[in-house]
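This report describes selected side-chain interactions and surface features of one protein chain. The sequence and the coordinates are shown first.

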Amino acid sequence: MTVDDTTRDAEGAVTRVPWAAVLVFIATACGLAWLVALPLWLGAGLAEPISTLLLPAMMLTPALATVLVVFVMRVPRPGARLRFLGLWPLRPAKRVVWLLVAAWLIPPLLVGLGILVSAALGWVRLDPTSGAFAAELARALPAGTPMPPVEVVVFAQLAMIPLGALVNAGFAFGEELGWRGWLLPALRPLGTWPALLLSGVIWGLWHSPVILLGYNFGRTDVTGVLFMVGGCVAWGVLFGWLRLRSGSVWPAVVAHGSLNAAAGMVVLFAATQPDLALAGPLGVAAWLVAAVVILVLLLTGQFRVQPPLAPRRAGAAAATLDAPRAPGVG
């Protein structure tokens, strides 16, 4: 099964949305996600010990879907695959490097700002002494085990976030190869904003098998899925901007890993268990922070122009992000 060559330009880039491949990608990624999560549904849900293995395994399903559409449906065609997926080459190199650094360091700062916004709106009550976290830590330790000063533990947790970002990026690669590596460029002929928003919605819905078990928000109904969709759209626009602005998938991979590494920050400082649908890293407060960042990027012209997808030669013409079709982008 292949996609008609009229959907591609001379460089192998998709110039019309390959809807058949997109539908196969979505069905495969989501179907495999449900299959991986099935033992949790048949057992004790997230309390199943095997969940620690199944959750990372689920993150690989978009990559498997990508392998299917790339090598079976041949989207894009051979010779353009690494460039289309944003894997290689890394050009323009200077921009890729700077965006990699930003992707590594900025998501935890945005998560921190989301916590402050939550506190300002009354969605979480902060305890600078981390008393609630200390009590939880004490309950988790075996009886009689001396507990280190909570300040030391909190500092260590925060200091480990940059390293944790790199470790988590390894797991995030399975997702990002699919969402920002293949799906976003495949939807790119719709225009940048439709592609960013639609890919974010699909990314959020893909989480349904575990969200409906209470993952992330503790909600086991459709509201949990809707909050996840909102969070994935907000962060997906930022990750997608990194992808399109750099022409590389690697900044999105690092940003995803960095977000996951910082996800537990609110627990360190909350006086009581917060509603993560409001105060969590994917909750409403995070949407507001992301919206401000997106607005700043928009007003400063950062969504206006981006390089072709890893151009083969120096001096290649820049592609306009607002154009519905851009050779080498999608």
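Predicted model: local features only at pLDDT ≥ 70, side-chain atom pairs only at ≥ 80, totals over all residues.

## Salt bridges

The structure holds 3 salt bridges. In one of them, the side chains of arginine 139 and glutamate 136 meet at 2.5 Å, N to O. Both residues belong to helix α6 (residues 131-140), where they are 3 residues apart, about one turn of the helix. Arginine 139 is exposed because its relative accessible area is 59%, whereas glutamate 136, at 46%, is partly exposed. An α-helix has 3.6 residues a turn, so residues three or four places apart point the same way.

Arginine 180 and glutamate 176 form a salt bridge of 2.6 Å, N to O. These two residues lie in helix α8, 4 residues apart, and both are buried. A further salt bridge joins the side chains of arginine 219 and aspartate 275 at 3.1 Å, N to O. Arginine 219 lies in the loop between α10 and α11 and aspartate 275 in the loop between α13 and α14 (276-279), so this pair ties together parts that are 56 residues apart in sequence. Arginine 219 is partly exposed at 25% relative accessibility, and aspartate 275 is partly exposed at 30%.

## Histidine 256 and its surroundings

Histidine 256 is found in helix α12. With a relative accessible area of 3%, histidine 256 falls under the 20% limit and is therefore buried. Its side chain makes a polar contact of 2.7 Å with that of glutamate 176, the residue that also takes part in the salt bridge with arginine 180. Apart from neighbours within four places in sequence, histidine 256 is in contact with Ala172, Glu175, Glu176, Trp203 and Phe239.

## Aromatic pairs

The structure holds 10 aromatic pairs. In one of these, the ring centres of phenylalanine 217 and phenylalanine 227 are 6.0 Å apart and the planes stand at 50°, so the pair is tilted. Phenylalanine 217 lies in the loop between α10 (208-211) and α11 (222-246), and phenylalanine 227 lies in helix α11. Both residues are buried.

Phenylalanine 227 also forms a tilted pair with tryptophan 287, with 6.1 Å from centre to centre and 40° between the planes. Tryptophan 287 lies in helix α15 (residues 284-299) and phenylalanine 227 in helix α11, so the pair ties together parts that are 60 residues apart in sequence. Tryptophan 287 is partly exposed at 26% relative accessibility, while phenylalanine 227, at 17%, counts as buried. Elsewhere, ring pairs link Phe25, Trp179, Trp182 and Trp206 into a cluster.

## Cover of helix α3

In helix α3 (residues 61-71), the buried residues are Thr61, Pro62, Ala63, Ala65, Thr66, Val69 and Val70. Their cover includes α1 (19-42), α2 (51-58), α4 (81-85), α8 (161-187) and α9 (192-206).

## Nonpolar patch and a loop residue

A nonpolar surface patch of about 1100 Å² includes Val97, Trp98, Trp104, Met160, Val167 and Phe171. Helices α5 (93-120) and α8 each supply at least two of the patch residues, and α5 gives the most, with 7. Valine 167 is placed in helix α8 and is partly exposed, with a relative accessible area of 48%.

Alanine 263 is found in the loop between α12 (250-261) and α13 (265-269) and is partly exposed at 32%. The C-alpha atoms of alanine 263 and isoleucine 161 are separated by 9.5 Å, although the residues are 102 residues apart along the chain.

Technical notes: Residues numbered from 1 in each chain as written. Heavy atoms only, no water. Buried < 20%, exposed > 50% of the residue type's maximum accessible area, 1.4 Å probe, protein only. Contact = heavy atoms within 4.5 Å. Patch = residues over 30% accessible without salt bridge, like charges linked within 9 Å, V, L, I, M, F, W, Y side chains within 5 Å. Areas by Shrake-Rupley, 256 points an atom, 1.4 Å probe, with all protein chains shown as cover. Salt bridge = Lys/Arg side-chain N within 4 Å of Asp/Glu carboxyl O. Polar contact = N/O pair within 3.5 Å; in protein donor to acceptor, adjacent residues only side chain to side chain. Phe/Tyr/Trp six-rings, centres within 6.5 Å; stacked < 30°, edge-to-face > 60°.
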